[in-house]
Amino acid sequence: MGIELRKIVPHPTGTVEPPCPAGTRAMARADIPAIGRLFNKVFRRRDRAAGEELCRYIDTVFFGAPFYAPDEGSIVHENGNGDIDSAILSVPMQFDVNGRRIVARLLCAFMVDGKTGAAGAARLARSVRAVRQDLCFSDSSSPVSADHCVAGGGVILPIQSLEWQRFFRPLAAAAVLAGRRIPILRARPVVGTLGLIDRVLRCWSPSSKPTVAAGCQARTASLDEFLRCAAPMLERFSIRPSWSEPEFDWLVNVASMNRNLGALQCRKVVLEDGRTIGAFLFFGRPNGMASVLNLLCEDGREADVTTAMFACLAAEGYALATGMAQPFLMNAISRQRWLCFRHRGYFCMVTRHADIKEAALGGDIYIGGLASESWSRLLTDF
């Protein structure tokens with residue numbers, strides 16, 4: 001499983017893959033200061049040492065996962081001077097695949113130190129070719145990374161590369177989204193004032209308010225309840241996260257560190273007789289955005305559960321809700337008014353197993369949210 005740093009791997013055609021390229025190795029804890037500095041230089045455009053908080057976060061996420069092992073974790077490339085000039089950060093996650101259990105790898109960041117790290121980046125890219133991987137994926141790849149993925153035998157999942165956005169209070173929602181780049185626009189006075197105007201506009205255009213789901217409603221639930229709901233509802237997919245209790249608890253803990261997105265919360269969707277038919281996990285910022293991580297439901301209940309979810313989030317006062325598109329939800333999601341899709345980054349996947357590739361391309365996969373990078377502070381913080 002994972003990246004083979006030493007072993008020679010047989011190619012499906014009978015040829016032999018060479019060992020991992022020279023200069024690549026598993027990331028060690030001693031590398032964290034250098035990785036933090038490289039992160040600042042590549043993603044924050046400032047060449048300076050990483051702060052203690054960033055270093056602690058890197059340690060927690062990339063060395064603390066329940067299934068972490070050196071050959072399942074992050075890899076780095078050292079140049080001739082012994083300096084790290086490129087790195088791929090990754091988190092091992094357990095998946096169930098057609099009745100067997102594997103450890104997949106979530107790629108969280110591909111960092112290259114300008115032109116000086118180009119050779120190292122090429123060697124790292126060779127290390128994550130499909131022929132070497134049980135399952136390796138990234139949900140936020142750039143066009144260049146996506147091209148490397150395809151060249152290495154991987155595939156792009158087009159639907160999971162999209163983000164849906166459902167607007168409840170359009171003017172306030174526009175301010176919240178623009179506030180990602182201009183923080184003052186998401187300040188409470190601005191959003192509050194626009195929210196008042198939205199109330200007037202809603203009288204003219206009531207379609208911005210979601211319809212109430214007939215015969216079911218969303219109720220507050222615990223994270224443990226979400227996990228109990230998830231197990232049977234995930235069985236419909238050939239490829240799905242295993243989410244053992246220790247791994248789920250760890251993922252929830254690291255996700256909860258991302259306070260920029262708000263508080264991590266759960267709701268379950270129940271029928272009038274009390275039976276649960278769905279559940280969703282989301283970050284929520286009061287009067288701002290609800291970022292839906294995971295939405296699950298019984299087969300055939302997609303429309304009921306998505307309708308109940310949007311009605312719930314609108315009633316709780318959020319200006320908009322966003323989430324990763326999923327093939328099994330596209331029909332139900334697309335029936336909403338005041339909804340749009342945007343490209344969120346390429347969802348790339350590499351695997352040496354034909355059945356995994358076939359199932360994923362056919363939409364028979366559940367991935368995203370806690371089983372992706374959506375919760376990471378590296379996307380929204382530092």
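**Close-up views of a predicted protein model**

**View 1. The loop that holds P183.** P183 sits in the loop that runs between α5 (170–178) and α6 (188–204), where helices (H or I, at least four residues) and strands (E, at least two) are DSSP runs numbered from the N terminus. With a relative accessibility of 52%, P183 counts as exposed, given that buried means under 20% relative accessible area, exposed over 50%, and partly exposed in between (1.4 Å probe, protein chains only). The C-alpha atoms of P183 and V97 are separated by 42 Å, and these two residues are 86 residues apart along the chain. This is a predicted model, in which local features need pLDDT of at least 70 and side-chain atom pairs count only at pLDDT 80 or more, while totals for chains, interfaces and linings use all residues. Residues are numbered from 1 along each chain as its sequence is written, and side-chain values use heavy atoms, with hydrogens and water left out.

**View 2. The protein as a whole.** The protein has eleven helices and 17 strands. Its radius of gyration is 21 Å, close to the 21 Å that the globule rule gives for 382 residues, so the protein is as compact as a globular protein of that length; the radius is taken over C-alpha atoms, and the rule is 2.2 Å times the number of residues to the power 0.38. Along the principal axes, the C-alpha trace spans about 65 × 45 × 35 Å. Of the 382 residues in the protein, 54% are buried.

**View 3. The nonpolar core around L313.** A nonpolar core is a set of buried Ala, Val, Leu, Ile, Met, Phe, Trp, Tyr and Cys residues joined through side-chain atoms within 4.5 Å. The largest such core has 97 residues, and those that touch the most other members are F95, F137, W243, L313, L370 and W375. Leaving aside residues up to four places away in sequence, L313 touches F168, F280, F282, A290, V292, Y318 and A321, a contact being heavy atoms within 4.5 Å. In soluble globular proteins, nonpolar side chains tend to be buried together.

**View 4. T322 in its strand.** T322 belongs to strand β15, which covers residues 320–324, and it is buried, with a relative accessible area of 4%. When residues up to four places away in sequence are not counted, T322 touches E163, W164, Q165, M289, A290, S291 and V292.

**View 5. R377 after the helix α11.** R377 is placed in the segment that follows α11 (354–361), and its relative accessibility of 9% makes it count as buried. Not counting residues up to four places away in sequence, the contacts of R377 are with E53, Y57, M257, N258 and F382.

View 6. Most residues other than glycine have a negative phi.
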